[in-house]
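Please examine the sequence and the structure shown below.

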Amino acid sequence: MDENVVLGNQGLPLCSSCANAWPNQLGPLPLAQLERIALWPYQGTVRRLIVQAKDMPYCAQAWALRRAARNALLTHSPERAVWCVTPPSRRRRLADWYLPQFVGIGVAHCVKSPFRALLKRNQQRRSQSELSGVERRANLQQTFQWRGGKVPNCVVLFDDVSTTGATFSEGARALRAAGVSKVLAVCLAVVE
């Protein structure tokens, strides 16, 4: 790695090839009845970092994504919002490593917002990776539920990758059912 190559305002030391392949930041992308912010498209360097960081706890790739997300979200984070993540699958929970939680906690701390586990999974469903958009939405119906406790007015729901938006939609449904007024969905990358 050439330590002199730094990715724009992200402050990430990357090799020349990875720095050149880093996509431009995306910003807000509409999702039915939900405001969603995607930082980057799920491709190139971002995709490689996410794939590697999902299964390697506290690796350099995870720290790089956390730093990049923190820097990118300094301008997008609403004030007085509570940050939470979409609940992990059983496999991720048993692995004791969940990339969205690692990145989400770091970003919430940086923007001086609390981070809380607001949602839980009612039941384990089929893996989303092999399903179509319609099947993903059907697969996740009524999967998440409120954990209890004080209901915040505004919640930032964070995840690593958004494909169809089904996970965000189900998370937002559970948060709104508990009484949350505003839900903002934020992801590292979106599949275009």
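The lining of the second largest pocket consists of 12 nonpolar, 2 polar and 7 charged residues; Ala, Val, Leu, Ile, Met, Phe, Trp, Tyr, Cys and Pro count as nonpolar, Asp, Glu, Lys and Arg as charged, and the others, Gly among them, as polar. The model is predicted, and local features need pLDDT of at least 70, side-chain atom pairs pLDDT 80 or more, while totals for chains, interfaces and linings use all residues. Residues are numbered from 1 along each chain as its sequence is written, and side-chain values use heavy atoms, without hydrogens and water.

Of the 21 lining residues, Val 85, Pro 88, Arg 93, Tyr 98 and Gln 101 lie nearest the centre of this pocket. A pocket is an open set of points on a 1 Å grid over the protein atoms alone, where a 1.4 Å probe fits, with protein on both sides within 12 Å along at least five of seven lines; lining residues have an atom within 4 Å of a point.

Buried means under 20% relative accessible area, exposed over 50%, and partly exposed in between, with a 1.4 Å probe and protein chains only.

Arg 70 belongs to helix H3 (residues 60–73). Arg 70 counts as partly exposed because its relative accessibility is 28%. The C-alpha atoms of Arg 70 and Val 107 are 4.8 Å apart, although 37 residues separate the two in sequence.

Notes
Helix = DSSP H or I, 4+ residues; strand = E, 2+ residues; numbered from the N terminus.
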